[in-house]
Amino acid sequence: MHVKGHYFPKASSNYQECVASISDTHIDIKHDEYIITRHAITELNLNSGMAGLADELSFTDGSRFIPLDVNYRWPFKSNNHQIMERLEKSKWAILAAVILTPMFMWLALYKAVPAIAVYSIDTLPHNVINQMGEQSFTVIKKLALDDSELPVEQQTKIQQHFNTMLEQLSLDKSIYRLSFYKSEHFGANAFALPHGRIVITDELVNLLVDQPNALKAVLLHEIGHIVHQHSVRITAQSAASTIVLAVIFGDLEGIAEVALGTGASFAQQGFSRDMEREADSFALTQLEYLGYSSNDFADAIETLQYSHTSENEHLKKVNNLLEYLSSHPSAQERIDNARE
């Protein structure tokens, strides 16, 4: 059997028009009846092309042979290559790939990645989590926090309420620590760090000064983030989702990097909303356990919402897309959930 094609010597883009002569055990590459090279069929590497592309032969010395007829298929081609080619030509297989690929990515990013994150944080030593928290706190304090201007008596009173809640919930005071800071960047806010430190701003304390139970509800929400290890989980999920995307799409460069980065960002926003709901649920449950009302939590969210919209009237008409991109559930959703 004789097959016309182009022969490419090792590490060269120049080619010769040659003929491949196939026997039962060998293949000869000839030019004007002169044998350029001979190889055993068992030593060949076949790079199967897609439908409409020629099947390229790679030889052990690095040279290649490509048939002129793109539809030609080598007689020693394996069944696996033939199956792949049939799948590439099948409309049903293509349709299935179009449907199943997004489903696979959804399962990987929204089911497998969170599960991996939950498993991974259980294997982390406490000193690693503590180091993560301290490093994060050092950076945040340097960039966005100033010394608190709250009266010492007021700080002491809030700290006493905080410690009382920890005792009632049987939580370790050496892990759960409350700190007061002023912050023009964060405004009226509170946040929890992986190693158990909770930061509450002067602005939030002053905003809820007449609603002490609402402030306790906010603190319980932040305690919920620490109990469920949300900070560590979000870090693990971010790393895992990046690895999954890199494995699926390969090297993340140029436009691909921007597109995939956006996808990972959307996925992480979803994780964050789920975690906020989990922390909300913890706060609502513990408020009831401690003898308070879930309405205290709703009051806190309403006060924060009113404060923010008063400062930013132009944000009142935020559209649904921006609502989706928010890292928190909508304020109204959280209020309604607490009221109910």
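The model is predicted: local features need pLDDT of at least 70, side-chain atom pairs count only at pLDDT 80 or more, and totals for chains, interfaces and linings use all residues. Residues are numbered from 1 along each chain as its sequence is written, and side-chain values use heavy atoms, with hydrogens and water left out.

The sheet comes first. Helices (H or I, at least four residues) and strands (E, at least two) are DSSP runs, numbered from the N terminus. In general, strands of a sheet pair through backbone hydrogen bonds, either parallel or antiparallel. Here, seven strands in the order E4-E3-E2-E1-E7-E6-E5 make up an open sheet with antiparallel pairing, where two strands pair if DSSP finds at least two bridges between them. Strand E4 (34-40) and strand E5 (45-47) stand at the edges with a single partner strand each, so one side of each is left without a neighbour in the sheet. On average, neighbouring strands of this sheet are turned by 30° against each other, direction ignored; the axes are lines fitted to C-alpha atoms, for helices over the stretch in contact, and angles run from 0 to 180 degrees between N-to-C directions.

Within this sheet, strand E2 (residues 16-22) is joined to strand E3 (residues 26-31) by four bridges, and the two run antiparallel. E2 and E3 form a hairpin with three residues between them. Ala20 stands opposite Ile29 in E3, and the bridge partner of Ser21 in E3 is Asp28. Six bridges join E1 to E2, again in antiparallel fashion, and Val3 stands opposite Ala20 in E2. Met1 has its place in the segment before strand E1 (2-8). Met1 is exposed, with a relative accessible area of 52%; buried means under 20% relative accessible area, exposed over 50%, and partly exposed in between (1.4 Å probe, protein chains only). Met1 and Val19 are 18 residues apart in sequence and 9.8 Å apart in space, C-alpha to C-alpha.

Helix H3 (residues 126-144) has 19 residues and reaches 26 Å from its first C-alpha to its last, close to the 27 Å expected at 1.5 Å a residue; the expected span is 1.5 Å times one less than the number of residues. Its buried residues are Ile129, Gly133, Phe137 and Ala144. These residues cover an arc of only 75° around the axis, which puts them on the same side of H3; the arc is that of the directions from the helix axis to the C-beta atoms. An α-helix has 3.6 residues a turn, so residues three or four places apart point the same way. On the other side of H3, Asn127, Lys142 and Leu143 are exposed.

The structure holds three aromatic pairs. Rings of Phe, Tyr and Trp (its six-membered ring) pair if their centres lie within 6.5 Å; planes under 30 degrees apart count as stacked, over 60 as edge-to-face and the rest as tilted. One of the pairs is formed by Phe8 and Tyr15, which are tilted at 5.5 Å centre to centre with 50° between the planes. Phe8 is buried at 12% relative accessible area, whereas Tyr15, at 45%, counts as partly exposed. Another pair, Phe137 and Tyr181, is edge-to-face, with 5.9 Å centre to centre and 65° between the planes. Phe137 lies in helix H3 and Tyr181 in strand E9 (residues 177-182), so this pair ties together parts that are 44 residues apart in sequence. Phe137 is buried at 4%, and Tyr181 counts as buried at 14%.

A charge sits over a ring if NZ of Lys or CZ of Arg is within 6 Å of the ring centre and within 35 degrees of the ring normal. Arg64 lies over the face of Phe8, at 4.5 Å from the ring centre, and the charged end of Arg197 sits over the ring of Phe137, 4.7 Å from its centre.
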